[in-house]
Amino acid sequence: MIEQTRTRMTAAEFFELPETNTPTELLEGELIVSPAPIPKHQRKSRQFTVYLTSIIPHGEIFASPIDVYFDEENVAQPDILWVAEGGKCVITEKRLEGAPDLVIEIFSPGTTRQDKITKFKLYERHGVREYWMVDPIEQYVE
């Protein structure tokens, strides 16, 4: 079963692609296109977004799809993220640039390894303050 399509490119080439709602990221120089999230994933995303909106008094919360530029090989689309006022992440006209203060990734079939290893290392390397990994099937947050 093919779950993702991968192609090598730079962030500059990535930003030349047409706009899409299909989950599309650039991770370690590879373009990764994934199928749409499953319903359990979308339910958890909505629940976390509503919850965070109720407890975070400042900054902005974003839900995927939104591009977060980290460097020329990495443009992620976290499921949910929070940008604190005065944080390292800059909200530009077309994308976010730099490390958000909170990133939440919700596992989908075929993305668990990527979320646990590749994205964990990426977010850690670029200074994301807090990273939550959510398994909607097994129902846990790590």
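Modeller: The discussion below covers a hairpin, the nonpolar cores and some backbone features.

Modeller: This is a predicted model, in which local features need pLDDT of at least 70 and side-chain atom pairs count only at pLDDT 80 or more, whereas totals for chains, interfaces and linings use all residues. Residues are numbered from 1 along each chain as its sequence is written, and side-chain values use heavy atoms, with hydrogens and water left out.

Biologist: Strand β2 then: are its faces covered or open?

Modeller: Both faces of β2 (residues 24-27) are covered, with T24 and L26 buried on one side and E25 and L27 buried on the other. Buried means under 20% relative accessible area, exposed over 50%, and partly exposed in between, with a 1.4 Å probe and protein chains only. Strands are DSSP runs of E with at least two residues, and helices are runs of H or I with at least four, numbered from the N terminus.

Biologist: In which sense do β2 and β3 pair?

Modeller: β2 and β3 (residues 30-33) pair in the antiparallel sense over 4 bridges; pairing requires that DSSP finds at least two bridges between the strands. The bridge partner of T24 in β3 is V33.

Biologist: What is the phi of E28?

Modeller: E28 has a positive phi near 55°, and E28 belongs to the hairpin, which has 2 residues between the strands. At 30% relative accessibility, E28 is partly exposed.

Biologist: Where is Q139 placed?

Modeller: Q139 is in the loop between β11 and β12 (140-141). Its phi is positive, near 60°, and Q139 is exposed at 62% relative accessibility.

Biologist: Changing topic, which residues touch the most other members of the largest nonpolar core?

Modeller: In that core of 19 residues, they are F70, L81, L96 and Y123. A nonpolar core is a set of buried Ala, Val, Leu, Ile, Met, Phe, Trp, Tyr and Cys residues joined through side-chain atoms within 4.5 Å. Another core, of 10 residues, lies apart from it and includes L52, I56, W82 and I104.

Biologist: Which peptide bond is cis?

Modeller: The bond joining S64 and P65 is cis, with omega about 5°. P65 lies in the loop between β4 (60-63) and β5.
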